[in-house]
Amino acid sequence: MLVCRVKLHQFIIAQMNKTLTLLFLLFLSLAAQAQNFNYGAITYDDYEFDRKKLDSNANAIVLKEFGTASIQRDDNTGSMELIFEHHVKIKIYNKEGFKEANIIIPTYKDDTREETISELKASTFNYIQNNFVETVMDKKAVFTENRSKYTRLTKFTLPNLKEGSIIEYSYKLRSPNMFNFKTWEFQSDIPKVVSEYLVYIPGIYNYNVSLRGFQKLTDQKVELSKECLRLSGTAIDCSKITYLMKDIPAFIEEDNMTAPSNFKSAIYFELSDVQSLNGSKTSYTKTWKDVDYELSTDKSLGAQMKRKDVFKDLIPVITKGSNDDLEKAKAIFNYIKKQIKWDNYYGKYAVDNIKKALENRSGNVADINLNLIAALSAANLDAEAVILSTRDNGTVNKLYPVISDFNYLVAKVNIGDKSYLLDATEPLLPFGLLPLRCINDQGRVINLKKPSYWIDLTASQKTVSSYILIGKMTPEGKILGTLTTHTLGYAAYNKRKDILRYNSVDEYVEKLDERLTRIKILEHSIINIDSVEHPLTEKYEVEFTVTDGSNTNQFYLSPFFINTISKNPFNLNERTYPVDLGAASDERIIINVTLPEKYQLIEKPKDMAIGLPNAGGKYILNTNLEDNTISMNQVLQFNNAIYQPEEYLFLKEFYSKIIQNQKTEFLLKKAN
Amino acid sequence: MKFLFSAAFLLLVSVSGFAQDNYDVDLIPANLRNRANACIRNEETTVDMRSPDNVMLNVKKAITVFNQNGDEEARLVLYYDRNIAIKGIKGEVYNSVGKLTNKFSQNDFSDMSAADGFSLFVDSRVKHYLPAVNQYPYTVVYNYEIRNKQNLIIPDWNPKPADDVSVEKSTYNFICKPADQVRIKTQNYSGTPEVTTDEKQKKTIWKANNILAVRTEPYSPSHETYNTSIQIAPQDFYYYNHKGTYTNWQELGKWIYDDLLRERKSLPPTTIQTIKDLVKNEKTEKDKARKIYQYLQDKTRYISVQIGIGGFQPIAAGEVDQLGYGDCKALVNYMQSLLNAADIDSYYCVVEAGSEKKSMDPKYASMVQGNHIILCMPLKGDTTWLECTSQKIPFGFLSDFTDDRLVLACTADGGKLLHTPKLTTAENLQTRNADLTIQKDGSIAGQMKTVYAGSQYDNQESLIGKSITEQHKLLKETYNIDNIDFETVSLAQKKEINPKLIEDISINIRNYAPVNGNKMFLQPNVFNVKRSIPEMRNRTLPVYINRGYTDEDTIIYTLPDNVNTALITPQDKHFKSVFGEYVCKAAVNGNKLTYYRKLVLNDGTFPPDQYTEFSKFINDVNASDYLKLALSLK
């Protein structure tokens, strides 16, 4: 029979430092048998399980969890199916843990195939008068809901739940989808004492297996299971593999993190190839070379990139007046942005074809960006496609191609020795800046003629904002002046979006004026709202009160009235996962206010220059009184998009120092 | 003549397709574009009650979207279930000059379950569609028809769905048999509807034209109070195989009681015995009820279950007894059954829940009012109310979720309207006392005790039962101060009819009062800064403050000995308006600095022109809350 090969790759998300931590684990042992535990066999040890052993804060703990998955032949249809069994026992400590008794099992369905749930049973066990009393869930209490076209939910909740109850449930899931086998999540929102997954993989199937997350396997065993499957009279051996993890902490989401799936410990399978009995082999997950060929010939991807014909007549019109390739590319980018509206769906494949999307003036991400690629190519520019996974979708597997990991497609155009990543779905973003959702580790460049390769997905522009206030103070303690702000990058994108939420600029400013209670906006002009290639510039004539005017001989004055930092965004005491801010940023504030008379500066906020380790960021503050003019100059910079968990406390202290400083003020005294 | 008119009308209905209207955007009057993100060009809603189990709804709507903010107004959302059948949808999209650019049909719609979160639902579903158009303005025109197999709930008319939408023309046509009796609730409709009757049909038509878009104003009363709407309630109704008749709350409550509740109350004998044993030593009915309520809270939990007669009928009490869970209907019905076992009378009450108070309309009974159920025990004059879906809430306390409003009590004698108790400005009290020591480096530490009462009772209720790490995390959200840490956290509930929650924490804030040169900067109001509100000119709507409250904070700081206390000038601010009162004081006595703050905010409805005074009051509070002391160091 065929020898089966199973590899296990453990990888920890590459965002850490852009290098993969690889750990090849290949155990071969014939140790003790993995076994499901008996349903309903609740012990006093289960009931009395001391949560302090694992997590004294837990509201519920998974005492035992066991899953098996195997491939079998459905005797009725003759087709192969995946059988997945899941059995779990949970101790509920308090009312906060009751939500663990609300179970939702999602299954896939479409017009021709569906996953089914059977043999579902669930019970609650309560310890009453020295006995475990079982309350069996009534079958009528199980509801199924067709959530959407492709998802069905099986929902149930356990009966007779009390603080201290133990709940147990098990079910069998049959799936026609052999491709991803069945992912096993070791980690969930509550801690687990033991989680064990037993898979039977027939020798004719070959899967790539990967473990994600920070937790390590406690044990892994590979055994040979003789004649586990019979196909056309031939017995096939299986690899029987057990993955075991013990004492697993709860997974708790944090602010500023990318998709939880990047960090949650789970084991993933992807079908690599299937050998048929006659010895021929069908490859599924392949090398990038195979994938390149497939994608570049795919009728919804590569074939659409080639459709220069769609733009043959349009290009001369679009690029009229463009003097060089860069101008041409920009003209085409602007044309596509204007011409096709994004329907808010992601995708790496065109829904129909690019021509239809162009005619309908609407399409998904791939429709729009494949149009862009075809148009750029039609103008004889060197355009490629980049497939990527969005931030909420997790990072992609870098060890081997997992096409289902990618959910998005953008364009890359190479001009001279420079290249630009383009996404025409967001009209408010400038040429070369991808939306924040795309800034997620690396993407794969698909070229119709050359092999594919990885490319870093980083924001091509910093998030920049600057505020300049030039003004004078009246004898009554009011400041009259001109506030000019410039914004670039995502800051400009967000502001433009905000402005366009209003019917007119006047309405936007009216709202702004209402919101800024101590500031009156007397006049305004906003430049480059639609010219997204240029910084967004706002100019406001403002009048505001900084002192109550009760004492003009000597008074305190805070220079921190623009974007005051009073709350620390990093206020917690610990951090488990990296802090992902998306893009580096730079904020500058300059204030010059002329005083009505001669004043002496008695006190002032300390001038400061502090930084984050490894040049991760800096804050600089200088204030002064010279020639009757008070000046303030502030720079706040974050040079990285991602900070590691060990840098969290530095970030916290950095902000804390700024907050402390911003509480101090100028003390001015009239000069005699 | 009558005959002729009817024929002409039929003809009109059958030919009212789209094409003949002109949707050129330039035809929209300028005043309808002002502040509007979308304009309803024409909407015709026809409700044809052919029989109680066959009510046809036909909607034809043309809406122009001016910019992306108006996009959502063009989305078509249709809910349906086994009692509502969608008969047909078709639509068209026009560009700014009124040229047809696209068509859509039911196939283009997304279809999904209407369930949200963990809810055990049966068949409530929703279809929705939004055409993707990137050239503004554009116009979407659609026509759909829905068959309702019931007439208990008749689609109502709200011609103006949102502040930022203007309406060029909207009509509502209600058709029924000439003999059908219906009650109509008319709100903010100035004209009189056109009524035409022949031997077959009675048609009533309401029309609205040229309604302007308005700016959204904060602290304003709910939309229903100033927007036009028509609601209709037929006297004889059919609903999920049930028939009934009602013209007032008494009759509707009677039907709910008889048809939906009466049969749902039986309990197994063992449970009845358990209850009898449980209360046998209690003297008063109220004490008995308190015990039974504790039993309910220990035994059950809330799970949303949208089944049974359109979501109006509770799961039987016996079933809740066995399952240990249910939704608001089921848990109230179960509690009522438990009380019955102890011979205590109680009423199943329908209420519109939510922090914003909404009453049942005493003049207009209908099934659509109310979204929650609570229980009322008359207790011979000592009326006591129970919220049955929470395992934490004290006995007899409704919280701001259902306070101060009219509810429908469904009793064996029929329905009656009862008023839930009001939580007053004085009762909604938060009292805070802190004793903090300031170190030389400006760090502060000490003990703080806060007592929450009335509507403020549940400010921190969610912390109860949470683990220590979670409590610390949540406290950091409540007291979001740089460098704050908590050492001990204790939460106690005084579970009385007027309950209190006592939060006792020890806190530590490193470098809270920064030292700069020979000054230490202290903002004595650490924990309670009132947020500012927008200033606004030309206010049109009344100022509405839903609920009042009182906050009283006293913080005593022990100053480090290097502070020159002689140089501290006492602060004393006090102002008052119809909206409330504010006091803020800071004074030194020895090495103790005492900061006192009191804010009273009154509830009520005030004329529009008083908004300026209101925003000034709140913003003055905000400014005063930022009082900063520069303490001179020796």
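Domain bounds in these legends come from an automatic or database domain assignment, and the model shown is predicted.

**Figure 1. Domains 2 and 3 of chain B in the predicted model.** The assignment divides chain B into domain 1 (6-242), domain 2 (249-419) and domain 3 (429-632). Between domain 2 of chain B and domain 3 of chain B, the C-alpha centres are separated by 38 Å. Their contact draws on 11 residues of domain 2 of chain B and 12 residues of domain 3 of chain B. On the side of domain 2 of chain B that touches domain 3 of chain B, there are 3 nonpolar, 3 polar and 5 charged residues.

**Figure 2. Packing of helices α3 and α4 of chain B.** Helix α3 (residues 269-279) of chain B and helix α4 (residues 285-299) of chain B have axes that come within 9 Å and cross at roughly 130 degrees. α3(B) is therefore oblique to α4(B). The crossing of the two helices is right-handed. From α3(B), the contact involves I275(B), L278(B) and V279(B); from α4(B), K288(B), K291(B), I292(B) and Y295(B) take part. By class, the residues of this contact comprise 5 nonpolar, no polar and 2 charged.

**Figure 3. Contact between chain B and chain A.** Chain B contributes 43 residues to the contact, and chain A contributes 43 residues. Elements of chain B that each supply at least two residues of the side touching chain A include β6 (110-113), β7 (119-121), α5 (317-323), α7 (468-478) and β30 (519-522). The largest share of that side, 4 residues, is provided by α7(B). The side of chain B that touches chain A contains 16 nonpolar, 19 polar and 8 charged residues.

Key
Residues are numbered from 1 along each chain as its sequence is written. Chains are lettered from A and ligands numbered from 1 in the order in which they are written. This is a predicted model: local features need pLDDT of at least 70, side-chain atom pairs count only at pLDDT 80 or more; totals for chains, interfaces and linings use all residues. Axes are lines fitted to C-alpha atoms, for helices over the stretch in contact, and angles run from 0 to 180 degrees between N-to-C directions. Angles under 35 degrees count as roughly parallel, over 145 as roughly antiparallel, 65 to 115 as roughly perpendicular and the rest as oblique. A crossing is left-handed if the near helix is turned anticlockwise from the far one by less than a right angle, and right-handed if clockwise. Two residues are in contact if their C-beta atoms, placed from the backbone, lie within 7 Å. Ala, Val, Leu, Ile, Met, Phe, Trp, Tyr, Cys and Pro count as nonpolar, Asp, Glu, Lys and Arg as charged, and the others, Gly among them, as polar.
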